[in-house]
Amino acid sequence: MAPKLIRLNAFDMTCVVHQSPGLWRLPGDRATEYNTVKYWTDLARLLERGLFEGMFIADVVGIYDVYQGGPETAVKTGTQVPVGDPRLAISAMAAVTEHLGFGVTVSTTYAKPYLLARDFSTLDHLTGGRVAWNIVTSYLDSAARNLGLDQQVSHDRRYDVANEFLEVCYKLWESSWEDDAVVKDSATGVYADPTKVHAIEHAGEHFTVPGVHLCEPSPQRTPVIYQAGFSSKGRAFAARHAEGIFVAAPRAGLITPHVAAIREAAAAEGRDPQSVKFFALVTVIVAETDADARAKEVEYRRYVSHESALTLFAGWTGVDLSKYGLDEVLQMEQNEAIHSALQTFTQDDAAQQWTPRKVAELVAIGGVGPLFVGSPKTVADQLEAFLDETDIDGFNLAYATTPGSFEDFIDLVVPELQARGRYRTAYEGSTLRESFYGAGQQHVRTDHPAFGYKVTRALV
Ligand SMILES: Cc1cc2nc3c(=O)[nH]c(=O)nc-3n(C[C@H](O)[C@H](O)[C@H](O)COP(=O)(O)O)c2cc1C
């Protein structure tokens, strides 16, 4: 069997400090331009030059106020605050590209399915079918407090809400407007045939949506579904709904069983387990030679902010690491943040006992994923080995410096992977789903749960 092609997503967020705390200060870094259209359009063009499958834009709707019990460190260091809406730069990026996909994060815990379905249909129209929704359920208490709740909805219940949320969206996207509902008949003045536009009549435990979808069918109808569940509830959700799954852990051994378990659960849902595409978080520092790449890392480390790194980690895990000694080993705690984030670090093998010092060093460049440093050959070897060991499909490339890390990767690693036959040399199809599954597959596959909602009813 020919080795799998490596798929690439670029990981970014509408903020200054995404996954590399402190590095916005590096000369040439453009992270502080996150609030300009030009930053995003330049980046989109660059990624399309590198034949990236997509740009994945993370989002949170709260502030990182777990570390030291307040938001001061996050604000001072720009740690995922200020943070802008991830949807709003997409049309501008779509206007300067033809193939690049856009994965956008929106939480089912605070949005409403009726409106969110319209947001994504609109984006799918404006991008010509290149949008994906990264479904998250949120993890910051500060978000809950500012969105009308005393505290977060409990972790597992958030996934129950998300399941019904998706059911409503699938109904709106797939079953409200028939394919030939829009007739645009200028002679009769009929834009759309009302007998082919159906009310979804959803009445469930969390949502009541009796009416019709507000948008006409977009190229993909249902956007490509991304997710990153790691807990048992999260995995079940991902196995049912996700077409792309993000995974993040510091080493391959922690990812392999997770991938296998989700593929097995997807098969149990009646889905082709290989249709679920996994992307692992990784950060790459590459230069012409190994020595040059190592020198670059040394230079980068002069700018990292360990307190910003600990602020991020505290937000993800819900644990205030300032209460630990720098060399004290982390312990599991129960809270309503990301269960699996803490589990990964408290249940890693005995040889790797995680302390705040080690966590800060890891997270400082690229978050909780591995950091690969070296020449194009060294990095390509590491990527191939990681992909083959874990049975993933590609990488979610975080940057150490933006756009420098992406430029280096595209100029140095992409040609090396292409020479090895491990990376595409052209895009396939025009929509993001076709990039996943091949030309012609604009809509959900027949084994995806959204397919079950496709309009089948007889005309009324
Ligand atoms: C690469 C990656 C990116 C993620 N991005 C976001 C994000 O932008 N916003 C968010 O609220 N959660 C994000 N998450 C968290 C996931 O949505 C999810 O909560 C987490 O993976 C843990 O799964 P669990 O909730 O099932 O424990 C991300 C996770 C991963 C692995």
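Me: What makes a residue count as one of those that surround the ligand, and which are the closest?
Reply: In this predicted model, 21 residues surround the ligand, and the closest are Asp59, Tyr159, Ala228, Phe230 and Ser231; a residue is counted because one of its heavy atoms lies within 4 Å of the ligand.

Me: What are the corresponding values for Ala228 and Ser231?
Reply: For Ala228 a backbone N or O atom lies 2.4 Å from an oxygen atom of the ligand, whereas for Ser231 a polar side-chain atom lies 2.6 Å from an oxygen atom of the ligand. The protein covers 91% of the 610 Å² of accessible area that the ligand has on its own.

Me: Which elements give two or more residues to the shell around the ligand?
Reply: They are strand E2 (54-58), helix H6 (155-175) and helix H11 (339-346); by class, the shell has eleven nonpolar, nine polar and one charged residues.

Me: With which residues is Thr344 in contact, leaving aside its neighbours within four places in sequence?
Reply: Thr344 is in contact with Phe230, Ala249, Pro250 and Leu254, and Phe230 is also one of the residues closest to the ligand.

Terms used. Residues numbered from 1 in each chain as written. Predicted model: local features only at pLDDT ≥ 70, side-chain atom pairs only at ≥ 80, totals over all residues. Heavy atoms only, no water. Polar contact = N/O pair within 3.5 Å; in protein donor to acceptor, adjacent residues only side chain to side chain. Areas by Shrake-Rupley, 256 points an atom, 1.4 Å probe, with all protein chains shown as cover. Helix = DSSP H or I, 4+ residues; strand = E, 2+ residues; numbered from the N terminus. Nonpolar A, V, L, I, M, F, W, Y, C, P; charged D, E, K, R; others polar. Contact = heavy atoms within 4.5 Å.
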